[in-house]
Structure formats: structure tokens, C-alpha cells
Amino acid sequence: ACELVPILTDVINFTRRCRQVLHHVLEQILAVQEYPWVKSQSHLSTIFFMLGELALILVALDEIFNYDHENTIERHMVVLVDKVKRIVDNDSTHRLTPLITLINQIRNELLSSSIFQESLHIPLEKKSSTNMESVVEQINAYFKHQLAELETSKENDIKASHSWSNLVALYGLAINILGVADKRVLKSLQDLSKKFLVILYVWR
């Protein structure tokens, strides 16, 4: 169990950094709306795609820990906490208390199946209504373009399946953080979910 702690600590730091990058990029997308002459749909398409990739990483991390059906890691953490607490009870200096805090962070942040969900509550400081409407319009245009391409792709196309997963993960971010609510986009996503085997209902 002790050997797992440094590895899981690295994973926690990685997920936190992913959220920081996500937050920063979204803030920059909103900020750039103030300067129409520097906006480029092609650049935004690349950014939207990479945001989808970032979202997929967070979803994948949830799936990795969810795959531990027997809760092996969780059980190891519980045993470790119990052992550390017994040591702390006999140690008036409480030098191991930070370790208990770290283990609890691992349990709460990694083992609770909420890595992606926690990323859906990012507060945006530059969230003016005008800028937000502009970004929503741009990302909806991106969704429609990508969905049109996916509609003509083959069902077993690996690249198309990845693009589909990317798009659905991005949609999960978009509706929760940006307030995207285009019924046509949602209908297209629902229709395409019958075509692709890779289905991630992350917008629920």
C-alpha cells in the first residue's frame, strides 16, 4: 500500500494540472472574444479538439479506477490509514498526520469516480454574457461540422470512433461549463450514438 501512495500522488497532481490547463484555456477562449481580429475558426477548431482530448484523459482516469471492481486500491488505502492512525495515536508529535491527509485526498479525488465530474464545475472569471454567447456559437459550429463528418464515416473506423469519443467528452464540458444547449447538436449526438460502439454519456 505504501508503494502506491507516491504513484497515486503523481496521478492527483496530474489531474489537478489538467484542470488548471482546462481552466486557463477556457478563460483564454473567452478573453480572445474581445479581439475579433485575432480569432480564427481553424485555430479554435484545433483548441476545441485538444479540449476534447483533455476531457477524454479525465474520463479515462475515471474508467481506470472504476475498472478496479474489487476496490483493491481502496482497501489498501483503508488498511494504510488504520496503520498510520495507530502510529499517530502513539506519537505525540503527529508527524504522520500529513500522510493521512494525503491518503484521504487520494480516496476523495481519485477513487470516488468523480475526476471528470469535478472538472465540470470550473468557475470562469471572464464569463461576460457577450463573450459567452460568442464562444457558444463557435463551439456549436464546431460540433455541427464534426458531426457532419462523422455521419459519413464508417462504423468500424477507429479514427472516427476516437473523434466521436472526443466530441462527446467535449460536449460534456460545453453544456456544463459554457451552457451549450443546441437541440440540433444534441439530437445529432443521440442519433450517432446508435452508430458508434464507443459511447460516453458524459453530459448527464
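**Helix packing**

Reply: α6 and α8 are roughly parallel to each other, because their angle falls under the 35 degrees that defines the term. Helices here are DSSP runs (H or I, at least four residues), numbered from the N terminus. The model is predicted: local features need pLDDT of at least 70, side-chain atom pairs count only at pLDDT 80 or more, and totals for chains, interfaces and linings use all residues. Residues are numbered from 1 along each chain, and side-chain values use heavy atoms, without hydrogens and water.

Me: At what angle do the axes of α6 and α8 cross?

Reply: Axes are lines fitted to C-alpha atoms, for helices over the stretch in contact, and angles run from 0 to 180 degrees between N-to-C directions. The axes of α6 and α8 come within 10 Å, and they cross at roughly 25°.

Me: Which residues of α8 meet α6?

Reply: Contact means heavy atoms within 4.5 Å. From α6 come Asn140, Phe143, Lys144, Leu147, Leu150 and Glu151. Their partners in α8 are Arg184, Val185, Ser188, Leu189 and Leu192.

Me: Which residues of α8 make the contact with α7?

Reply: α7 brings Trp164, Leu167, Val168 and Tyr171. On the α8 side are Val185, Leu186, Leu189 and Leu192.

How values were computed
Helices (H or I, at least four residues) and strands (E, at least two) are DSSP runs, numbered from the N terminus. Angles under 35 degrees count as roughly parallel, over 145 as roughly antiparallel, 65 to 115 as roughly perpendicular and the rest as oblique.
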